[in-house]
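Reader: I would like to go through the labels attached to this model one at a time. For each label, please give the cut-off and the value.

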Amino acid sequence: MIKFIGSFDTAESLPKAGIREYAFVGRSNVGKSSLLNALVGQRIARTSNTPGRTQTINLFEWSECACPPHRGGLSGEAGLGGASSSKIIKSENNNLNLKPPPLGCFAATPPLKGGDATECANKKIILADLPGYGYARASKEELDKWAARLEKYLLHRAQLERLFILVDSRHGLKESDRDMMNFCDAHAIRYQIILTKLDKIPKSEIKNRESETEAEVAKRGAACARVISTSAEKKIGIEELKNEIIKPI
Ligand SMILES: Nc1nc2c(ncn2[C@@H]2O[C@H](COP(=O)(O)OP(=O)(O)OP(=O)(O)O)[C@@H](O)[C@H]2O)c(=O)[nH]1
Ligand SMILES: [Mg+2]
């Protein structure tokens with residue numbers, strides 16, 4: 001179940017909760033919002049042909065909870081299994097006030113008996129759809145503003161578990177991606193490279209693209225060694241990406 005928490009202009013205004021967060025970043029138009037949608041199996045993040053579509057930090061709460069609806073719920077919400085859970089809900093609550101999850105709890109699969117709200121909270125994670133970088137047609141002022149927002153988010157988002165840096169498989173790593181990787185390495189921000197739009201390159205080129213990307217990632221301190229190749233369009237690599245999130249840490 002996926003729920004829209006809200007769009008935030010500044011890193012400071014983000015709701016804080018002890019819930020693991022996974023963020024999608026990458027060049028403008030690389031397919032961040034589309035991949036998030038493919039991952040959760042619902043078109044909840046706005047996608048577009050026009051680069052620079054996502055300009056704010058958009059947060060989504062994702063739950064694998066399979067328990068029946070329970071009364072009361074958290075922060076006045078309906079139960080996770082309730083009717084409202086699949087609708088877009090704009091939260092005005094800047095503090096979700098949830099207990100931190102035990103490690104790997106998102107992977108706990110047995111359905112709960114009776115719908116225990118605390119147990120449900122433990123199965124949530126947050127997905128963050130971040131604005132893209134490297135959008136050539138934006139003004140310098142806008143680019144600086146986006147970069148500053150992203151930088152603040154990355155430096156201060158304590159609950160950020162991993163940053164997925166998305167790279168278009170047709171082009172491979174670009175200088176702006178390397179700048180992002182350098183920043184993460186310098187600040188020990190754990191990240192993983194995800195190749196996107198795999199359906200757009202010939203099958204014969206896939207292996208090369210993967211190995212050259214892996215070779216570059218292998219030299220870096222904060223990167224996960226594994227590169228995941230995906231296509232939101234053809235649903236390639238989606239389960240693999242999901243496993244990165246739900247596997248016990
Ligand atoms: N063929 C193909 N097209 C894709 C894929 N993923 C995304 N696209 C297309 O690429 C375009 C951009 O996708 P978005 O998901 O909006 O990209 P984004 O990175 O969120 O873009 P910004 O928010 O503008 O930075 C859209 O037209 C998508 O339909 C994919 O796996 N295959
Ligand atoms: Mg987007």
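This is a predicted model: local features need pLDDT of at least 70, side-chain atom pairs count only at pLDDT 80 or more; totals for chains, interfaces and linings use all residues.

Reader: What makes strand 1 and strand 3 a pair?
Author: Two strands pair if DSSP finds at least two bridges between them. Strand 1 and strand 3 are joined by six bridges and run antiparallel, so by that cut-off they pair. Helices (H or I, at least four residues) and strands (E, at least two) are DSSP runs, numbered from the N terminus.

Reader: Why are strand 1 and strand 7 called edge strands?
Author: Strand 1 (2–8) and strand 7 (228–229) each pair on one side only. The open sheet has seven strands in the order 1-3-4-2-5-6-7, with mixed pairing.

Reader: Which residues of helix 1 are buried, and why is the helix described as largely enclosed?
Author: A residue is buried if 20 or more other C-beta atoms, placed from the backbone, lie within 10 Å of its own, exposed if 12 or fewer, and partly exposed in between. Eight of the nine residues of helix 1 are buried, so the helix is largely enclosed by the rest of the structure. They are Lys32, Ser33, Ser34, Leu35, Leu36, Asn37, Ala38 and Leu39. These residues pack against strand 2, strand 4, strand 5, strand 6 and helix 6 (238–246). Just after helix 1, Gly41 has a positive phi of about 70°.

Reader: What does Thr47 touch?
Author: Contact requires C-beta atoms, placed from the backbone, within 7 Å. Leaving out residues up to four places away in sequence, Thr47 touches Ser33, Ser34, Asn37 and Arg53. Thr196 and Lys32 are 164 residues apart along the chain, with their C-alpha atoms separated by 8.6 Å.

Reader: What makes a set of residues a nonpolar core, and which members touch the most others in the largest one?
Author: A nonpolar core is a set of buried Ala, Val, Leu, Ile, Met, Phe, Trp, Tyr and Cys residues joined through C-beta atoms within 7 Å. The largest such core holds 47 residues, of which Phe24, Ile165 and Leu166 touch the most other members. Strand 5 supplies the largest share of this core, five residues. Contacts of Phe24 beyond four places in sequence include Leu35, Leu36, Ala128 and Phe164.

Reader: How confident is the predictor in the protein, and where does pLDDT stay under 50?
Author: pLDDT is the predictor's confidence in each residue, from 0 to 100. Its mean over the protein is 79, and 74% of the residues reach 70 or more. Over residues 66–118 pLDDT stays under 50.

Note on methods. Residues are numbered from 1 along each chain as its sequence is written. Chains are lettered from A and ligands numbered from 1 in the order in which they are written. Two residues are in contact if their C-beta atoms, placed from the backbone, lie within 7 Å.
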